[in-house]
Amino acid sequence: MHPICCVSPMAINNSDMPPASSSPFDPLIRTSNSSAISRASSTRDSGIENNGNGNSSIQHQRHHSRELKINDIVGDGISGILYKWVNYGRGWRPRWFVLQDGVLSYYKIHGPDKIVVNQETEKGSRLIGDESMRRVMRQHSGHHRRIGSGSLSPKNRKPVGEVHLKVSSIRESRSDDRRFSIFTGTKRLHLRAESRDDKMTWVEALQTVKDMFPRMSNSELMAPVDNLAVSTEKVKQRLLEEGVSESAILEIEQIVKNEFASLQNQLLLLKQKYLFLMDTLRQLETEKVDLENTVVDESQRQLLEAGSSSRSRQDKFSESASESEFENDRVDAAEEDTDEEDNTFFDTRDFLSSSSFKSNGSDFRSSSFSSDDELAFNPEDGIDPAIKSAGRNFPYVKRRKKLPDPVEKEKGVSLWSMIKDNIGKDLTKVCLPVYFNEPLSSLQKCFEDVEYSYLLDRAYEWGKKGNSLMRILNVAAFAVSGYASTEGRHCKPFNPLLGETYEADYPDKGVKFFSEKVSHHPTIVACHCDGTGWKFYGDSNLKSKFWGRSIQLEPVGILTVEFDDGEVFQWSKVTTSIYNLILGKLYCDHYGTMRIQGNENYSCKLKFKEQSIIDRNPHQVQGIVQDKSGKTVATLFGKWDESMHYIIGDGSSKGKGHECPSEARLIWKCSKPPQFTTRYNLSRFAITMNELTPGLKDKLPPTDSRLRPDQRCLENGEYEKANAEKLRLEQQQRQARSMQEKGWKPRWFVKEKGSDTYRYIGGYWEAREQGNWESCPDIFGQIQSDHVTTTN
């Protein structure tokens, strides 16, 4: 049976709906419809067979009969509901499609721009799909609704989009028997029917109408033209009138024929090049279609697996078309979606970043900031109990799990208006409104590197057991873990004022952290952290550049982990870039080579792979551990925003696939995201860093970042006040360079002789114990420009 027989063709007239015996499902109507298509196909075939006659009258007859064939197939049109892929956020949306006169148009059926679909508007049309028929029949049955902006007259309806089948190609999906796509040469529509039969009906109808406009095949285009000739009679007659000799006329005639033959050969060569180009374009089109189908299939699968509320609402809406019109009324208010073609593009990275490396059945969470406030470890057989307990034998401290609710409604700011005049400049010298900041300072961002401090606790215990290899593996995982919280963090931290400090006493992690801004030009931040059996310290001079569409951050400085037994590891951070500042979705990437140098047995080299546009597996990190002789003794691989695994020995070839090798062991896994998210995308750990717990304010020095007014106002959602305070502090900070030139020195750090690095000199926690902050100026208030701290 011809697939179009499944159309459920419905000849609608102005009278009331026919009785059951004359329903749209009447066999006579289906047979008539099938016969019409069969006649059209038969006539089309015979027309192609007569294609070689070259008779203009036959061509005219074929053109006239082609119009008749289209009318035989679609009548006054074929219409029905199809689901169109809009974008990743909106997914599949129902549209009313109408095929008429070789043009496929589609309209919205929900929202303010919806059209009215009833017996009058679809008069003479053949409907595809039970859902389409029910929609028309509901309108006729007296479910009178408030008509939005839709027009009752089909001629006055304005389509959202149109597709001319004459210049389009139709492809069916290989993975979903309800889906197909239409490519026009400039855009592609991904469509989905309610059922496989409906899809086949639509595709057959579209393809049949498209075939009414046949294209000449390559063989027809390249066929030799035997009867092609050029006449020189007029030229010959004119030359005779001028008295030119017969021999000269024959010579001229031959020259003209030779030139014409040469031109014909050149045209034939151009035709061959054109056909070769068209074949190449068709091949590229096929590859593009396959890729797009893969993208849409993967997005649909990820959405179904995620079970997101937005997707659930879309699915519920898609399945509720058969319910009452009153249900559709309630949906209309939420269906004010856009259908511009630029919204058909979506970010494949969101749903193609597969979790390539999976743990061996472990639920590895870090510290008390995970959802269940406990730390789980990789269940390694025979592991020493001291290693297992490292990082979790600390008291529990209750900390906040969300930021305060904003007081004001935030106003958006155009980033391009801010950066267009600052391309190529140092980011630290560009004044931006607080809209581009997150409620943390660069001093606090340094503390985020210590979020997974249990890795250093475990490294210390491994070293005590004499296992230096496992020590450097944990140190390497610690170095990578510092980047985990940067995913989705596109806002700029506050640039600290000269002399600004930050302390973090976290007994629940067993660490005491302290940082200070030690130089204004260049901007240098130094930090020091004491843990259980180890110290972590370093300084960072972040050089940044605007490049129009991206920001590049080049860290300058050395980070050091020093264990109590004397073993030391040092490394520098890799390059960070933030892309799509003007158009597209913002994202950050870290790339380059990180070398962790140890002073005893081992060193490690980690390569952060730079993400490409079509990379389906971003954020990859691969590394090796080598002994003094250069032999590879262990391999690391993973993602800086997910987890890291290791293999003892040279396992570089095993870690290149998309699945984790069976012998790989999990060493670190990123903690879960917070329950209450904000636009800053702060991690659970970062949310706690700016908290002023009861009694803490009285113990802090006046230089602590928690007391910075613009940062505190931003956290509280007081945006106007935050902007005003930020401007005041930046104007005040312009004095910092002159203060530095007059001899200003940091209070808690000192520059080492013969190098540009800063080391903590001690005394902060003792001063905190005594509450002695006399040497700390009120940098967030009104200070004197001639104030100079001379304490070393």
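Reader: Is His-164 buried, partly exposed or exposed?

Author: This is a predicted model, and everything said here is computed from it. His-164 is placed in strand S5, which covers residues 161-164. Since buried means under 20% relative accessible area and exposed means over 50%, the 45% of His-164 makes this residue partly exposed.

Reader: How far apart in space are His-164 and Ser-105, C-alpha to C-alpha?

Author: Along the sequence, His-164 and Ser-105 are separated by 59 residues. In space, the distance between them from C-alpha to C-alpha is 8.7 Å.

Reader: How many salt bridges does a search of the whole structure find?

Author: Side chains of opposite charge can pair when their charged atoms come close. When the whole structure is searched for such pairs, the number of salt bridges found is 25.

Reader: Which residue forms a salt bridge with Lys-199, and how many residues apart in sequence are the parts that the pair ties together?

Author: The partner of Lys-199 is Glu-172, and the closest N and O atoms of the two are 2.5 Å apart. Lys-199 belongs to helix H4 (residues 196-210) while Glu-172 belongs to strand S6 (residues 169-172), so this pair ties together parts whose separation in sequence is 27 residues.

Reader: Which of these two counts as buried, and which as partly exposed?

Author: The cut-off for buried is under 20% relative accessible area. Glu-172 has 44% relative accessibility and therefore counts as partly exposed, whereas the value of 5% makes the buried residue Lys-199.

Reader: How many residues apart in sequence are the parts tied together by Arg-708 and Glu-500?

Author: The side chains of Arg-708 and Glu-500 meet in a salt bridge, with 3.3 Å from N to O. Arg-708 sits in the loop between helix H16 (684-689) and helix H17 (709-716), and Glu-500 sits in the loop between strand S10 (492-494) and strand S11 (501-506), so the parts they tie together are apart in sequence by 208 residues.

Reader: What is the relative accessible area of Glu-500, and are Arg-708 and Glu-500 buried or exposed?

Author: Arg-708 counts as buried because its relative accessibility is 3%. Glu-500 is buried as well, and its relative accessible area is 0%.

Reader: In which helix do Arg-728 and Glu-725 lie?

Author: The side chains of Arg-728 and Glu-725 meet in a salt bridge of 2.8 Å, N to O. Arg-728 is partly exposed at 23% relative accessibility, while Glu-725 counts as buried at 19%. The two residues are three apart, about one turn of the helix, and the helix that holds both, residues 719-733, is H18.

Reader: Which residues do salt bridges that share partners join into one network?

Author: Salt bridges can be linked to each other through shared partners, and here such links make one network. Its members are Glu-438, Lys-445, Glu-448 and Arg-489.

Reader: Which residues form a positive surface patch, and in which strand does Arg-595 lie?

Author: The positive surface patch is made up of Arg-595, Lys-605, Lys-607 and Lys-609. Arg-595 is exposed, because its relative accessible area of 54% is over 50%. The strand in which Arg-595 lies, residues 587-598, is S19.

Reader: How much accessible area do Val-235, Ile-252 and Val-256 have together?

Author: Val-235 is found in helix H6 (residues 233-241), and with 43% relative accessibility Val-235 counts as partly exposed. Together with Ile-252 and Val-256, Val-235 forms a nonpolar patch on the surface, whose accessible area is about 200 Å².

Reader: Which two residues does a cis peptide bond join?

Author: Pro-522 lies in the loop between strand S12 (511-519) and strand S13 (524-530). The bond in question has an omega of about 0 degrees, and the residues joined by this cis peptide bond are His-521 and Pro-522.

Reader: What is the phi of Asp-101?

Author: Asp-101 lies in the loop between strand S2 (91-100) and strand S3 (103-108), and it is exposed, with a relative accessible area of 58%. Although Asp-101 is not a glycine, its phi is positive, at about 55 degrees.

Notes: Residues are numbered from 1 along each chain as its sequence is written. This is a predicted model: local features need pLDDT of at least 70, side-chain atom pairs count only at pLDDT 80 or more; totals for chains, interfaces and linings use all residues. Side-chain values use heavy atoms; hydrogens and water are left out. Patches are made of residues with over 30% relative accessible area and no salt bridge: like charges are joined within 9 Å, nonpolar side chains (Val, Leu, Ile, Met, Phe, Trp, Tyr) within 5 Å. Accessible areas come from the Shrake-Rupley method with a 1.4 Å probe; for residues, only the protein chains shown count as cover. A salt bridge is a side-chain nitrogen of Lys or Arg within 4 Å of a carboxyl oxygen of Asp or Glu. Lys and Arg count as positive and Asp and Glu as negative; His and the chain ends are not counted. The place of a charge is taken as NZ of Lys, CZ of Arg, CG of Asp or CD of Glu. Helices (H or I, at least four residues) and strands (E, at least two) are DSSP runs, numbered from the N terminus. Buried means under 20% relative accessible area, exposed over 50%, partly exposed in between (1.4 Å probe, protein chains only).
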